[in-house]
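Trainee: I would like to go through this structure and ask what stands behind the terms used for it.

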Amino acid sequence: MAEKEATVYIVDVGKSMGERRHGRSVTDLEWAMKYVWDRITATVATGRKTATIGVVALRSDAVSSVVVAIQMINTYTKKLKYKRRIVLVTNGTGQMNNEGLDEIQKKIQDDGIELVVLGADFDDPEFGVKEEDKDSHKAENETLLQVLAEGCGGVFGTLEQAISELEIPRIKITKSMPSFKGFLSLGDASKYETALRIPVERYFRTYVAKPPSASSFAMRSGGQEETEAGAGQSPSGGEALTTIRTSRTYQINDESAPGGKVDVERDDLAKGYEYGRTAVHISQTDENITTLETFAGMEIIGFVQMNKYDRYLHMTNTNVVIPQKANDKASLALSSLIHALWEQETYAVARLVAKEAKPPIIVLLAPSIEPDYECLIELALPFAEDVRSYRFPPLDKVVTVSGKIVTEHRNLPTEDLQQAMSDYVDSMELDGEELPIDDSYSPLLHRIDTAVRYRAVYPKEPILEPSEQLTKFAHPDNELVRGAKDSLEKLISAANVKKVPPKSKGRKRLRETEKPLSGLDVDALLKQEPKRTKISAENAIPEFKQMLSRADSIEIIHDAVKQMTSIIETQIKHSLGDANYDRVVEGLGTMREELVDYEEPTLYNDYLGALKRKILGEELGGDRNELWWLIRKSKLGLIDQATSEVSKVTENEAKEVSSNERDEF
Amino acid sequence: MADDSYARDEENFEEEEVDETSFRAVKDAVLFAIDVSSSMLEPRLSGDTKKPGQESPTSAALKCAYHLMQQRIISNPRDMIGVLLYGTESSQFYDEDGDRGDVSYPHCHLFTDLDIPSAQEVKELRALAEDEEEARKILKPSKERVSMANVLFCANQIFTSKAPNFLSRRLFIVTDDDNPHGENKSLRSAATVRARDLYDLGVNIELFPISRPDHEFDTSKFYDDIIYKTSPSDGEAPAYLQPDTNTATAKGDGISLLNSLLSSINSRSVPRRSLFSNVSLEIGPNFKISVNGYLLLKRQEPARSCYVWLGGETPQIVKGITTLMADDTAQTVEKTELRKAYKFGGEQVAFTPEELQALRHFGDPVIRIIGFKPLSTLPIWANVKHPSFIYPSEEDYVGSTRVFSALQQKLLKDKKMALVWFIPRKNAAPVVAAMVAGEEKIDENGVQKVPPGMWIIPLPFADDVRQNPESTLAVSPDPLTDAMREIIGQLQLPKGAYEPQKYPNPALQWHYRILQALALDEDHPGEPEDKTKPKYRQIDKRAGDYVLAWSDQLDAAFDKMFGGTAATTSTLVKRGPKDSADSAGGPPAKRVKTEGGTGGVDEEVKRCYEKGTVSKLTVAVLKDFLTAQGRSAAGRKPDLVDRVEQFFENK
């Protein structure tokens, strides 16, 4: 547990704090509050009940306000163990009394309080702040406060520095617990006298810090109107929200029931698994029957050479494996493994069961040697089932359909391009030995964290853009880009890359490849097929496409659409429950896709309108609302102008038609 | 259990392979069409004298189908598979009402209907593949030649009715007949038309040709008219022959035929699905190409348990429906009424859905190169998850492939990597990642094992790096390190490399093995096969003596560095006795220990067990003992005693 904390913020609210100075857009008070709010919200965000805060407003004498703060802390914390702190933020222009300074300092020290004094435009040669034309009264106050703070081991600084440090995201330090304590072994110690065992512990080396997660709330009944009115603004600080409960019901398929489904009782249910589409029920006594029996341990399987390991095989976050605490012999033994692996440029591969009955994983163990720290880095490797074999053509040669290897091809770089790429890559080399991990911060985590705190303080303000720190690596460094400008230009010209205009994307562009490998003209064969003037219901999609591709007049396209729509409507009418819905969606989707390609969006849009009327009017075999919902979900709404330039439907109109309202036509 | 699925789905959202542009369901249906002719049924003897046996091409194909079926139950539980035998004497299909027994497709026998397989179907297919009796009944070649047009249209109808709106539908044809219709023009042209129908329906035909002992399979005779240059569902997928021309035809004798067919089918067991498509790879300001992203490495987990309803004749999977209710009024809450809010010091801080989306927005999806670095600067520990694989696409920028190729080759040659800003999809959290070039790798059957391309490895942010825990350092002296080097030298894995293919996930396999046994009402399968277990006997044989030598070095180094007493003083007091026991122990048993004398504990516990006085041991000793055996050390003393006794009983 973290230590209990008691912090009192003393904020100078004197009249002079209301002024804007040195060209700043905010008053001194607003400036100071930026810091104070940040600290307070940071504390609230931790959700810790043991981190307590008090605030003192000060109008004149800063020194006596410190005395008040000391009293507050002492009253609250009594003599208990607390981390005590007083933070004073002022511009140092008020009256200050230096009487009894020694006593105050002594009291602060005796009570174990840390005093932090931050001043607007206080001089700080180290940070580089020096206020020109500082009036002598303020200078005196600054000296006084500096003596006060530093005299009791506290901190004295300028506000500008404190505020600039707010920009650097704060990292939450998490103490790791061991995820495995046991033996790193080689061989089976229960059977062989030659088995080797080293007691080790395993901790996270990396672990992704997740952004805070939001919970779901419902808008409080009756509050809806209010919120709608304030659209754009957020529902203010939680008053309109109510928490949510979930309740679960259970259904099974039953063809005899209306709707094909029937509710079942929770008590009639047992735990089970699916094996294919067969339900396998597991009785309670057999609960762990499918669990592989395993015992904890980290057992070395063998060793692999570093240069034969592909870095992309890393499957997970990484861990460190260190010797058992306070076991020198284990340290020494593990050290010999670490050094031997290092010298031989080898990794170990091991089977890890972190706890009894947990599934085994295969891990890589890599040596890590720093001057004062040695450990094994451990991470999970893929199993056979984790590797998906998707095949891709080679990138350095082209193999033709006939099996010939070609080395000059539009998909292969010319020598010029290769050289230009090589030069560009070399000119964009980053400085430094190490990757910039230490100053890269999780953009989403810190942005949400900041936004929540900001919203808590300023509920009416819109959300902010992410800070520069968070997007530092979103773009290459300007200077680097400037240096590489020439080589980039050469690369661009050697590459001769052409952007595909949005319109010509899509399938029709590939017409010429819609031929079998032999190049046979199947379209010609199709034309000879006498039967194919009418689209048959059982082979509708291919025949619809083929009819369109043969169409030499708009009438034929109209006819094809008409035939297709009548097939679709028959399918809807005859659908038992939702049995034909997927076919309907496929038919509609195909029609939509093709009519976009043939630039006839109106045909589709008109039909969709008619279909919607029929569905909602229950003309196609009763209640088909679920189908309309499926059509919407499948994004088969009107073809808008963004999809097809010749469409007359705007994006907004398309959205409206997709809605469920009946009266829109 | 089933109840937390909602939360988990949300978590996995970024990992899902979705097609945002298509109305089609991201599912795959594979229909095997297996030729049953007398030459396909002719057993071929194994040429390998060590592994005698025989295998006919048809039975090899059925075994592959069975294997794939089992595998897909694990890896793709929502996908469909079916088996159509053609050229059989019998005909079997379903009529409009779904009943089987129609003869509209003569000599086509739909053995396993296209569906998510049931346990019964798995059993039947296995019987057909392995049980000769069973097989003889069905696998009778017809005397009349089957029309390929009919076979293809039969497949068409199966896909149309059973797998409507699937993103991926594939017909796997296994045959040794490269010219089924000879010179018969009308049959040929009918087949090409039916093949075109399949193409227009979005069905991809994949051919698994088998050469006859006296005749090489020649695709130009017939199949080049049937198979298309591009896959209808994945326009950029390579045409079927290209990547493995040299092994297109499975040939040879029994076992090798089976193996090459297996390898070939395995490589196509899953359709290519992209994780993200046409994302810009921004090589420099104003210089972009387009790439697609794929998940080639992803931990395969067993499917979650679910609820089963036992009230009927057969157990049924239950669908759970969650209803959200407002806490104060108990009224049902629609999704549109939901608001997200963050807890903040006992209050809620709320945002509109638009604001929440804006907070996640850091720009359009992109892979933007911000510079290059030597590959050696990528630390082994700097990892948080599996990588994504990228391959160029010509869809948005013509010329992407050649530029990508130039970059990939340069990075390979100079052992460099790119540092990138990576937003894989709309409103995904940006990461800084290392982009590393990967070489193509081919397996012993000539099938591509690892594709050429680039890998995007997300790096940890400063927030994700944990501080190293405290640890005492005792640097190994050279002689001790040398002794360990000897051991390592003896135990290299084959070719000094890790081959994922050799290590099936034992827990996953066991889970499904048991489920299969339960579903098919079979006997318990006995011992699980676990290839991840080290080869203990070999380790002892090859490295045993070196381990003993290392142990002597360790004792010597330890005495020299810490002396006899140092260990005790540097250890927690309660561990004292064990440590001293170890340091003093010139062990009669040579078992090598560094655990600080658990050996002594071992003996002690064993003695107590034999005398029946385990319960007299202290909790600390029991815990140490159990931990050393990899057993759980949780619980109260009686539990620990039980567990210790059980340990010896089972020995």
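Trainee: Which residue stands opposite A:Ile244 in β12(B)?

Mentor: In this predicted model, A:Ile244 faces B:Ala326 in β12(B).

Trainee: Why are β11 of chain A and β12 of chain B called edge strands?

Mentor: The open sheet has 3 strands, in the order β11(A)-β10(A)-β12(B). Both β11 (261–264) of chain A and β12 (319–326) of chain B pair on one side only. Direction ignored, neighbouring strands of the sheet are turned by 40 degrees against each other on average.

Trainee: Why is α3(B) called roughly perpendicular to α12(B)?

Mentor: Helix α3 (residues 57–75) of chain B packs against helix α12 (residues 506–519) of chain B at an angle of about 110 degrees. Roughly perpendicular covers 65 to 115 degrees, so the term applies to α3(B) and α12(B). By class, their contact has 5 nonpolar, 3 polar and no charged residues.

Trainee: How do you know that the length of α15 of chain A agrees with its 17 residues?

Mentor: At 1.5 Å a residue, helix α15 (residues 581–597) of chain A should span 24 Å, and its end C-alpha atoms are 24 Å apart, so the two agree.

Trainee: What makes α15(A) largely enclosed by the rest of the structure?

Mentor: Buried means under 20% relative accessible area. In α15(A), 13 of the 17 residues are buried, so the helix is largely enclosed.

Definitions and conventions. Residues are numbered from 1 along each chain as its sequence is written. Chains are lettered from A and ligands numbered from 1 in the order in which they are written. This is a predicted model: local features need pLDDT of at least 70, side-chain atom pairs count only at pLDDT 80 or more; totals for chains, interfaces and linings use all residues. Side-chain values use heavy atoms; hydrogens and water are left out. Axes are lines fitted to C-alpha atoms, for helices over the stretch in contact, and angles run from 0 to 180 degrees between N-to-C directions. Helices (H or I, at least four residues) and strands (E, at least two) are DSSP runs, numbered from the N terminus. Angles under 35 degrees count as roughly parallel, over 145 as roughly antiparallel, 65 to 115 as roughly perpendicular and the rest as oblique. Ala, Val, Leu, Ile, Met, Phe, Trp, Tyr, Cys and Pro count as nonpolar, Asp, Glu, Lys and Arg as charged, and the others, Gly among them, as polar. The expected span of a helix is 1.5 Å times one less than its number of residues. Buried means under 20% relative accessible area, exposed over 50%, partly exposed in between (1.4 Å probe, protein chains only). Two strands pair if DSSP finds at least two bridges between them.
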